[in-house]
Amino acid sequence: MAASDTIPPRDVANIGIEGIDDILVGGFTRNRLFLVEGMPGSGKTTLAMQFLLAGAAAREPVLYVTLSETADELRAIAESHGWNLDGVHIRELTPSENELETSEQNTLFHPSELELVDTTKRILADVEELKPTRLVFDSLSELRLLAGNALRYRRQILALKHFFSKRHCTVVLLDDLTTSDRDLQMQSIAHGVVLLEQTNPEYGAERRRLRVVKYRGVKFRGGFHDYVIRRGGIEVFPRLVAAEHRAPVPRGRIGSDIPELDSLLGGGLEEGTSTLIVGAAGTGKSTLAAQFVVAAAQRGARSALFVFDENAQTLLTRCAALGVDLAKQIDLGNVTLQQIDPAELTPGELIHSVRLAVDEGVKIVLIDSLNGYLNAMPEERFLTIQLHELLMYLSQRGVATILIGAHQGLIGGAMQTPIDASYLADAVVLLRYFEAKGEVRQAISVVKKRGGAHERAIREFRIERGGIRVGDTLRDFRGVLTGVPVYEGSFDPLMGKGKPA
């Protein structure tokens, strides 16, 4: 890169929230004015307090100017998060109870001619005395009301901006967007703008996301990013961009320790690829996936399971009864299992959990199932895009991904999934029920595998107390995938039963 193309390093004030510092490439540029917008309840005050606490931890003088909340209310918020506000100076400029007296009511002058001037003087006096390097002003809606009109309000903000820029102070203005006439000119004044949003789905907990509207001179991470507010503060989950994680990694194969099954897959699962196991309810999709996980764990490879649909204890008990000792591998630390509640989880939080697991060295990620993943999405049309980005990321990190997809229906030709992810996956394993001699049996086949040879055969698949069994090719049946096949042979080849005529 030419010297003229290099970007000089910025002096930044970190916000103290890892995710948003990543989105903003380090934090807020020092000695600039920033605007944080959001409806009440979106977490503006929490973000602002974490910003000041980060400064106080670095022994910087910091100031919180509040026109809307009292100092006691702010301390109560801090206490709810387990924070100590020592080092954070709070200047409370809320109206005093004396102003309720009739004698204190002013009818001769407009409030902007007295109250705005008085408020501004008190703020400037505090700044001159404390000389803060970080300042939060809460909130602009109160200042807007004091100004009386848009012109005076804009001039006041510009004057404050110039005042603070000469005093080496990074200023964060909070705006609760409660006024009907939203002033977009405020965004043009600020060096950067962060928008906090809160949505309320018809079922489940509220969802929160943020977006950087502007940030002068900084290539920030655009788009929406999910975040949650927990005890301890805000946790932000930056949007995953798979292109940022391209790196060559060695890729091997992951076998199931079932020779017939590995033969179907051309040797097993390949690291850095995704495999979709699809079939009707009860066909053995989760058990089949668990077999790969346990076999890999016995060879020292770590796995992470994200289970939506089935209770974790039920899955462990069922696998143990079939000889697939998943619980033992969890106890040994080779496998992690996370039970996911779709009503409480944001898609960004799920992807963040997957990334943490990959950073800890897992080689297999199992998502069970896509149906549950779909229910965790606030808007279905974004599922395919996010899933594609996740699979690309896992591929570039050399992780084998197993996706479970449940068909709607049990048997027959009209089998559908709520989302078609078959074109995203590198391999597709199909499990089907079929009828034969008065019994409902199961068949397994690999209908797709990119970049590698695999068997085209359809084999019988059975789950017994001793484990998973994969039988011979069903050569004497026609129409197995329809669910009602026609037997054209001279003897029953299923699992070696019967004798030649």
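I started at R253, which is partly exposed at 47% relative accessible area. My classes are buried under 20% relative accessible area, exposed over 50%, and partly exposed in between (1.4 Å probe, protein chains only). The model is predicted: I take local features at pLDDT of at least 70 and side-chain atom pairs only at pLDDT 80 or more, while totals for chains, interfaces and linings use all residues. Residues are numbered from 1 along each chain as its sequence is written, and side-chain values use heavy atoms, with hydrogens and water left out.

**Entry 1: R253 and its partner**

I looked up the partner of R253. R253 and E270 form a salt bridge, 3.2 Å from N to O. R253 sits in strand β12 (residues 253-254) and E270 in strand β13 (residues 269-270), so the pair ties together parts 17 residues apart in sequence. E270 is buried at 17% relative accessibility. By salt bridge I mean a side-chain nitrogen of Lys or Arg within 4 Å of a carboxyl oxygen of Asp or Glu. Helices (H or I, at least four residues) and strands (E, at least two) are DSSP runs, numbered from the N terminus.

**Entry 2: the cavity at E270**

I searched the whole structure and noted three cavities of 30 Å³ or more. E270 is among its lining residues, as are L265, T273, D426 and R450. A cavity here is a set of points on a 1 Å grid over the protein atoms alone where a 1.4 Å probe fits but cannot get out; lining residues have an atom within 4 Å of a point. Points are joined across faces, edges and corners, and volume is the space filled by probe spheres set on them.

**Entry 3: other pairs**

I counted 24 salt bridges in the structure. R75 pairs with D72, the closest N and O atoms being 3.6 Å apart. Both lie in helix α3 (residues 71-80), three residues apart, about one turn. R75 is partly exposed at 45% relative accessibility, and D72 is exposed at 59%. D11, R30, E60 and R134 are linked in a salt-bridge network. R318 meets E310 at 2.8 Å, N to O. R318 is partly exposed at 29%; E310 is buried at 18%.

**Entry 4: D368**

D368 belongs to strand β17 (residues 364-368). Beyond residues up to four places away in sequence, D368 touches S286, F306, V307, F308, D309 and I404. Contact means heavy atoms within 4.5 Å.

**Entry 5: backbone**

The D368 to S369 peptide bond is cis, omega near 15°. S369 falls in the loop between β17 and α13 (370-375). I also logged a cis bond from D138 to S139, omega near 5°. S139 lies in the loop between β6 (134-138) and α5 (140-147). V25 is not a glycine, but has a positive phi of about 55°. N31, not a glycine either, has a positive phi of about 65°. N31 is in the loop between β2 and β3 (33-38).

**Entry 6: whole protein**

I noted 14 helices and 24 strands. Of the 501 residues, 52% are buried. Among contacts between residues at least 6 apart in sequence, 69% join residues at least 24 apart.

Conventions:
1 Å grid on protein atoms, 1.4 Å probe; cavity = no way out; pocket = protein on both sides within 12 Å on 5 of 7 lines; lining within 4 Å.
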